[in-house]
Each structure stands twice: as C-alpha cells, then as structure tokens.
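Here's a quick tour for anyone meeting this structure for the first time. Take a look, then read on.

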Amino acid sequence: MMRRLLQPLWVLLAIIFLIEAWLWDHLEPVVAWFVALIPLHAFKQWLAERVDSLSPATTLIVFIVPVIPLFPLKLIGFWLLAHEHWISAIFTIIFAKFLGVGVAAFIFDVTRPKLLEMAWFERLYQFVLALRARAKALVEPIKLRILELLRGDGEDWSSRMLHLIQRFRKSVREAR
C-alpha cells in the first residue's frame, strides 16, 4: 500500500534527476562551443595545469566554489517571482540554472580525473551513474505509455485521457 502511494513521488524524483542529467549532457557541448568561441580554451588548459598540481581535496574546492556566486542570481529570480515580475523571474531562474549546470560541467570536465582519485568521490560518482540508469529505467515505460496515448492507438485521445483520470480518481478513493 505504502509502496503504491510513494510510486508517483519516485517517478517525479526520477524525472527531475533525468532533467538535470539531460541538461548536464546537453550543456556540455554548448559550453565547449563557448570555449571555442571565446578564449576559454586557454583558460581551460591553464586551469587543468593548476588542478594537476593540487591535492584531490583542494580540487574539490575548485569544483564547488565557481557555482556559489550563481546562488544570488537564483535569489534575484525568486525575488522577481515574489514581486510578480513573472517573465523576468522565469528567465532569470532558467538562465541561472543553465549557467550553473554549464559552469559545473565545464569545471567537472577539468577536475574529474583528480576528483576520482578520492575513493569516496569515485563511489559517489558510480552511485550517481547507477541512480541515473535506474531513473531512466523507471521513467522509460511511462514515456512509452505517454507516446502510446498521444498516438491514440485506435481511440480518441481525449476520451482515453478522461478514462485515465476516472481510473485515477477511483484508485485514490479506494486507497482512503
């Protein structure tokens, strides 16, 4: 019973996790494009040389610190949201999110070899990769079902959706 009630929460968390992973995967080439566009390639090379001389624990600080200045940008977005500047707020929050993931991907690309020298970080990294695979496996059947519903498969889409809503309401009533 409890497992069935928690299933939507796990699916939601898996979807959020996969969105983060998708952003990470797709922003890395964008960041690489910016590196090629502006002279960040030289900066990346310089940073890689400096990271090679650092201990793994110090490298962890190099990985974490660049994302910290982006936190005030998110706060500005939430302030705009609180003051009903909807478009500006949404743009600011999305920009901060993309910039944060992009910077983290850039820095992680440089610091990954050194960070993986720490056994606990390597275990955490492998855990996150396994979690990503589980999240993908959890969400994949739902994605396929949504695609199946959107295609219709012989029934009108709106009537199928209404039927699904009715089934959901019935299951909620029965769970009480």
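## Ground rules

A residue is buried under 20% relative accessible area, exposed over 50% and partly exposed in between (1.4 Å probe, protein chains only). The model is predicted, so local features need pLDDT of at least 70 and side-chain atom pairs count only at pLDDT 80 or more, while totals for chains, interfaces and linings use all residues. Residues are numbered from 1 along each chain as its sequence is written, and side-chain values use heavy atoms, with hydrogens and water left out.

## Salt bridges

A salt bridge puts a side-chain nitrogen of Lys or Arg within 4 Å of a carboxyl oxygen of Asp or Glu. The count here is two.

One links aspartate 109 to arginine 112, with 3.6 Å between the closest N and O atoms. These two sit three residues apart in helix H5, so about one helical turn separates them. Aspartate 109 is partly exposed at 30% relative accessibility, and arginine 112 is partly exposed too, at 24%.

Glutamate 49 and arginine 50 also pair up, at 3.8 Å from N to O. Glutamate 49 is partly exposed, with a relative accessible area of 42%; for arginine 50, also partly exposed, the value is 37%.

## Helix H3

Helices are DSSP runs (H or I, at least four residues), numbered from the N terminus. Which residues of helix H3 (residues 56-64) are buried? They are Thr59, Leu60 and Phe63. They share one side of H3, because they cover an arc of only 110° around the axis, taken from the directions from the helix axis to the C-beta atoms.
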